[in-house]
Amino acid sequence: MPKINVYLPDDLADAVKASGVPVSAICQRALEQSVRRVTAIRATVLGDLATDDPTAQLSHFAERARNAIKLAVEQARTTHAANVGTEHLLHGILAEGSNLALRVLHTMEIDPAHVARALPDASPAPETPSATQFSGPAANALELTVTEALALGHNYVGCEHLLLGLLSEPDGTAGRVLRELGIDQRTARRTVVAALTGYTHLRAQTSASADTASVITTAVRQELRPVLDRLERLEQRAGLTAEA
């Protein structure tokens, strides 16, 4: 069986040794998942987009990310573009309307509407063919999107990773537009991490609040149960008296 060396920072290496975790099995599992994701995205970007669902193989993509890609394909077809480009992918993020990438832009004080205005004009051009494939930069950006999710240790791919992938791609229109608006990859990546950390904390607080409310509701019901039972007995007696 071939051997692949994995290099770790000193503090992590010491912790791994101390814990005795099965490094080989963990690395194999992680690599298997990563290879499946990269293989799926390559099959998608190299395949024919003239299908009912061009994102069918991207099961590890979040629903909003898949919708953004579908919107990108739809816009490219509507405008009779030769290919689905990075500008269409960025349009898809903006058109989806409720994803984390938009919150990241707001956090960096970038108005999504301003981004939309900075994109090239997408007026229909009937004389050109309808898009059936991703352009080279778009295909590269989508693969970088998966790489960004893997590098951050996330088990899904969302619009926030797609935003990072577009920024990472050096030749695409979307990356150029974003960089001209003052967005750099390092700051965007930090903002994504911060946004996800804040979301996780908020979800934990919401869950805790819901649990607390449930406990309080249960306690109140227990305190009121004797009173409610007594009222029910009085109502039954009153009903019997009325019938008599």
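1. Buried means under 20% relative accessible area, exposed over 50%, and partly exposed in between, with a 1.4 Å probe and protein chains only.

2. This is a predicted model, in which local features need pLDDT of at least 70 and side-chain atom pairs count only at pLDDT 80 or more, whereas totals for chains, interfaces and linings use all residues. Residues are numbered from 1 along each chain as its sequence is written, and side-chain values use heavy atoms, with hydrogens and water left out.

3. In helix α9 (residues 173-180), the buried residues are Ala174, Gly175, Val177 and Leu178. They lie on the same side of α9 because they cover an arc of only 160 degrees around the axis, the arc being that of the directions from the helix axis to the C-beta atoms. These buried residues pack against α4 (86-96), α6 (112-118) and α8 (159-168), and just after α9 Gly182 takes a positive phi of about 95 degrees.

4. Three salt bridges are found in a search of the whole structure, each being a side-chain nitrogen of Lys or Arg within 4 Å of a carboxyl oxygen of Asp or Glu. In one of them, Arg64 pairs with Glu96, the closest N and O atoms being 3.8 Å apart. Because Arg64 lies in helix α3 and Glu96 in helix α4, the pair ties together parts that are 32 residues apart in sequence. Arg64 is partly exposed at 44% relative accessibility, whereas Glu96 is buried at 17%.

5. Arg189 and Glu148 also meet through their side chains in a salt bridge (2.9 Å, N to O). With Arg189 in helix α10 and Glu148 in helix α7, this pair ties together parts that are 41 residues apart in sequence. Glu148 is buried, with a relative accessible area of 7%.

How values were computed:
Helices (H or I, at least four residues) and strands (E, at least two) are DSSP runs, numbered from the N terminus. Contact means heavy atoms within 4.5 Å.
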